[in-house]
4 protein chains.
Amino acid sequence: MIILGPNRYGKAETRVVRVTRHGDVHHIKDLNVSTSLSGEMADVHLTGDNSAVLTTDAQKNTVFAFARKHGVGAVEDFALLLARHFVDSRPTIHRARVAIEEYAWERNAGSGHSFVRSGREVRTCVAHYDGSAAWMVCGLRDLVVLNTTNSEFWGFVKDEYTTLPETRDRILATAVEASWRHSAVSSADPDEDGAKNWDKSYESVRQALLTAFAGTYSLSLQQTLYAMGARVLADCPEICEVRLALPNRHHFLVDLAPFGLDNPDEVYLAADRPYGLIEGTVLRDDAPAAGPAWE
Amino acid sequence: MIILGPNRYGKAETRVVRVTRHGDVHHIKDLNVSTSLSGEMADVHLTGDNSAVLTTDAQKNTVFAFARKHGVGAVEDFALLLARHFVDSRPTIHRARVAIEEYAWERNAGSGHSFVRSGREVRTCVAHYDGSAAWMVCGLRDLVVLNTTNSEFWGFVKDEYTTLPETRDRILATAVEASWRHSAVSSADPDEDGAKNWDKSYESVRQALLTAFAGTYSLSLQQTLYAMGARVLADCPEICEVRLALPNRHHFLVDLAPFGLDNPDEVYLAADRPYGLIEGTVLRDDAPAAGPAWE
Amino acid sequence: MIILGPNRYGKAETRVVRVTRHGDVHHIKDLNVSTSLSGEMADVHLTGDNSAVLTTDAQKNTVFAFARKHGVGAVEDFALLLARHFVDSRPTIHRARVAIEEYAWERNAGSGHSFVRSGREVRTCVAHYDGSAAWMVCGLRDLVVLNTTNSEFWGFVKDEYTTLPETRDRILATAVEASWRHSAVSSADPDEDGAKNWDKSYESVRQALLTAFAGTYSLSLQQTLYAMGARVLADCPEICEVRLALPNRHHFLVDLAPFGLDNPDEVYLAADRPYGLIEGTVLRDDAPAAGPAWE
Amino acid sequence: MIILGPNRYGKAETRVVRVTRHGDVHHIKDLNVSTSLSGEMADVHLTGDNSAVLTTDAQKNTVFAFARKHGVGAVEDFALLLARHFVDSRPTIHRARVAIEEYAWERNAGSGHSFVRSGREVRTCVAHYDGSAAWMVCGLRDLVVLNTTNSEFWGFVKDEYTTLPETRDRILATAVEASWRHSAVSSADPDEDGAKNWDKSYESVRQALLTAFAGTYSLSLQQTLYAMGARVLADCPEICEVRLALPNRHHFLVDLAPFGLDNPDEVYLAADRPYGLIEGTVLRDDAPAAGPAWE
């Protein structure tokens, strides 16, 4: 027999910009919000009966309306607020997932109203809520980092298809994609969550990632990955699990011998594809069960 | 205590083109191959000891060498061949994941050696192998379809943020991303798998998706999604589960009244963002356990 | 003294989909329209006086309204219609440029109302009109072609930085970007232009490009480029000039000798960057002056 | 008769990373270099005779070799060095165009060897050299700026397709793409050019663009464009011409009235397409002839 399995639906990539004006000094928050709901959705799939469906259009409207009513502070708070609203206000909706990307801006030349989009990484969060519990995974992507030294790679398996020479010094470069799970998110009281300092936590994690990348004398990108995750957990007690995906952006030392030149670790070709891809999880042994946090 | 969790590593996006020449009539296969391995990788993460690591460079070399030695038939066979090789030949590698994208080409003007890249969807597969069992998920992406009629949307929840009018006729458009799991993949005998007709299976699934999209009188995109998945299962006994992600590419009927014009379902604005996103699974109630198939 | 130089403004990338319904058999045109106007625009630049400015919003509205009023046949006709309208109806607008991209669709399974987006190349046109004369450049992009043989490359300059070996057989692959100028475009009478068979002309040019690519025994991509342009001019008397930009998508024969394997022109690495880029113009010696056609 | 028109060929997007090591303090330059040559190229087009062709592969090799031999200071100097080399060393090459993109990096946490890619705009330059004269156009792209106030738009033409309401306060946002031509580039003496402070000039132009964007009370984006160009010319005597392309990234104030909410310039939808596109040139009335500078 053919049956319906897991499903969800929502509005993806609602681009909302929220301006707050304090006299001549303005602030902006620039977000990309995606909401997904699930619940009593058998009928809509099987017969097209939409009576349990809160439209994706209404989800989008809610994002805009809440940005006006509640303002936008930390994206994590905004995500939880939306997730709770959808589940708590609609009996047919049993679970909500709200994912937000935030783009950073800096002030232009000290102006109160002029901004330049920062090239910093994109900050992300994914909140889940099921009517009783909430989960929060924060993250970032496109944090591109490079070490010009302190990276070796040797001692690996040599099978019949291995031609890579060992190296005692290479460039190590990657575009960090990281997600980290918070141990506990109060579901009862939004104000309590609001008391969490999400922004401070984000900056701590980001700093831990950067510091570990810079400070690790690396014998493999896996070792660096683990060091980065472990450093986050060591520095940030509120985090119980870190997941990292690190593309190894190969920088090949160019052979200049045909031109009568040496190349003492100076000139590199930055390659696109193929690339290594190192993925791993670092967590506390007593991390609470993840539930739907990573879905 | 901080511990290492699930991890894998490999070479992503090796772009291999394989030409087969039968006199003046040539054939090409154009692939993007990504391999990921996991196994006894604690040491490399914790101390940088690479003695269990088959380099991603060797993985890439293997892809090229196998393309020469074994040729490339159906991508599923090639993926299984690679996955089995990595696990069976290296004691420290316990599981392999091989993902392949294939780009289609057509003959240029009847020529034996000239080709035009087809704009058809991208065909995908993901094979897993753990030393005893194998799993296969096939799929496609970027199959963009549109119905100009036979789509309604009404009877949905009206909450305080709902402004969408009901409609009895709208454009329904989406870019199909589909993955489907095969019930059984022989792990003992590659030749037996070779006897599977992966290409024929792929064409059957593709046709089922297109036929169901065209033929379903739709009251919601969820209903269409379910119909597409169910049709695949009905037509293809070798498939036990289908997962679909259907972005609802909104086409808004333009209000031309300000210009003294009616718009009897003729002129639409094709919008980019936000978009609806409908995700769902359709499966057999007796589908075998998925194991790592979807990872 | 600081002065204002050439300038133009408009609405870019208006995505309009036009459906025509003949009973149960529907037709769609899927366009991306960009309009640019210029004229008496000194004041708006120097003082912000907008009295000569037809808003880009109105330009967009015009695109939609004209799609309703006039329908959309060949994109060239639609582009000329819009260009003429902007200039002829507004005394402050002296020149219009209308660029259109068209995306092709095919019928889904013989259905009257269900379509699949074709992966064919994107068809383009750029129309200019200045109140008395009109110009038309048609084109295409993303036409990806590949020859598995009949391509050599040797006899080139060997300077101190040349290491490339000569070859008597290589893969030749490119993504054709082509534009071609029509000799004459009637500006007086839209209906007369309508009598031009733009669609037929497009298919002739496309076929000439494909045929020349397939049929040219190539000693260099430049030779192929010239053959493609010359073939268009030979086959299509209405065209007076062809411009081509051909990225040389390198396919490197993989050295499999380290693995004890030969590679008799079978296994290639498809590289991304860097790539060769060959650009050239082929034209009739008596081609009329181009005027603003290429701007 | 069919003839060959303007043409050029070269190697596009050579990604070279140059590391300079002063003890433990390292410096990196991250470039994307594209070279194009033209000259006695009739034979290669007409007959495939490559005897005048310096291969694109050799061009790429030259980029790497020169990065080693000469180092990489300002990208403008590196571009001129390459352009002069190709023309002066090969009798069949009469003109060279070298375009470079530079990606900025910042130090990671004060480390001497660890870097984070900055999200700043991409810096660009295009050098031309014809054996006697040289030309230099510098530029930037992806400089995304936004003003939350001090932008009005009213007093424009109202034709039958105009529905846009006038506004006395709106968000003004754009992604600046700017190019500016230097008045004079010494062709005789590379060292003299080296004495130019390209880096300082770049920072001055960038600052002028940002300051003018922030400081202009705008009645139209055209006015802002002109102010930006004029400011560059006023602040930077070495520049004679500025070209700007400013997409108007519309931020629509969301109508929240259906939800019983006002929206006092707080919540906006950031739209993708269509977008306004304002293009213009600001120059000195005594700017020298541009020659091939903009090609």
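Chain D and chain C touch through 72 residues of chain D and 72 residues of chain C, where contact means heavy atoms within 4.5 Å. The model is predicted: local features need pLDDT of at least 70 and side-chain atom pairs count only at pLDDT 80 or more, whereas totals for chains, interfaces and linings use all residues. Residues are numbered from 1 along each chain as its sequence is written, chains are lettered from A and ligands numbered from 1 in the order in which they are written, and side-chain values use heavy atoms, with hydrogens and water left out.

Together, chain D and chain C bury about 6200 Å², with 54% of this on carbon and sulfur atoms. Buried area is the accessible area (1.4 Å probe) that two parts lose on being put together, summed over both. Between chain D and chain C there are 4 salt bridges; a salt bridge is a side-chain nitrogen of Lys or Arg within 4 Å of a carboxyl oxygen of Asp or Glu. Side chains of opposite charge can pair when their charged atoms come close. A salt bridge links C:Arg8 to D:Glu279, at 3.0 Å from N to O.

Polar contacts between chain D and chain C number 40 residue pairs, both residues at pLDDT 80 or more. A polar contact is a pair of N or O atoms within 3.5 Å; within protein, one must be able to donate a hydrogen and the other to accept it, and residues adjacent in sequence count only if both atoms are side-chain atoms. On the side of chain D that touches chain C, the elements giving two or more residues are β1 (2-12), β2 (14-22), β3 (25-39), α1 (42-46), α2 (56-70), α6 (221-235) and β13 (275-284) of chain D. Helices (H or I, at least four residues) and strands (E, at least two) are DSSP runs, numbered from the N terminus. The most comes from β1(D), with 11 residues. By class, this side of chain D holds 33 nonpolar, 26 polar and 13 charged residues. In this division Ala, Val, Leu, Ile, Met, Phe, Trp, Tyr, Cys and Pro count as nonpolar, Asp, Glu, Lys and Arg as charged, and the others, Gly among them, as polar.

Strand pairing also crosses from chain C to chain D. Strand β1 (residues 2-12) of chain C runs antiparallel to β13(D), and 9 bridges join them; two strands pair if DSSP finds at least two bridges between them. Within this pairing, D:Leu283 in β13(D) stands opposite C:Ile3.

The next pair is chain B and chain A. Chain B superposes on chain A by a rotation of 180 degrees with 0.0 Å of shift along its axis, at an RMSD of 0.0 Å. This is the relation of a two-fold axis. The C-alpha of chain B nearest the axis belongs to B:Glu295, 6.1 Å from it. Copies are superposed by least squares on the C-alpha atoms of residues with pLDDT of at least 70 in both.

The copies meet through the same surface, because 100% of the interface residues of chain B are also interface residues in chain A. Each side is described by its count: 72 residues from chain B and 72 residues from chain A. The area buried between chain B and chain A is about 6200 Å², 54% of it on carbon and sulfur atoms. Chain B and chain A share 4 salt bridges, and A:Glu13 meets B:Arg273 in a salt bridge at 2.8 Å, N to O. There are also 40 residue pairs in polar contact across the interface of chain B and chain A, both at pLDDT 80 or more. Here β12 (residues 275-284) of chain A pairs with β1(B) in the antiparallel sense over 9 bridges, and A:Leu283 has B:Ile3 as its bridge partner in β1(B).

Some backbone features remain. A cis peptide bond joins A:Arg273 and A:Pro274, with omega about -10 degrees, and A:Pro274 lies in the loop between β11 (267-270) and β12 of chain A. In chain C, a cis peptide bond joins C:Arg273 and C:Pro274, again with omega about -10 degrees. C:Pro274 is in the loop between β12 (267-270) and β13 (275-284) of chain C. B:Asp142, in strand β8 (residues 134-147) of chain B, has a positive phi of about 65 degrees although it is not a glycine.

Over all chains the salt bridges come to 87. A:Glu266 and D:Arg68 form a salt bridge, with their closest N and O atoms 2.9 Å apart. A:Glu266 lies in the loop between β10 (251-253) and β11 of chain A and D:Arg68 in helix α2 of chain D, so the pair joins two chains.
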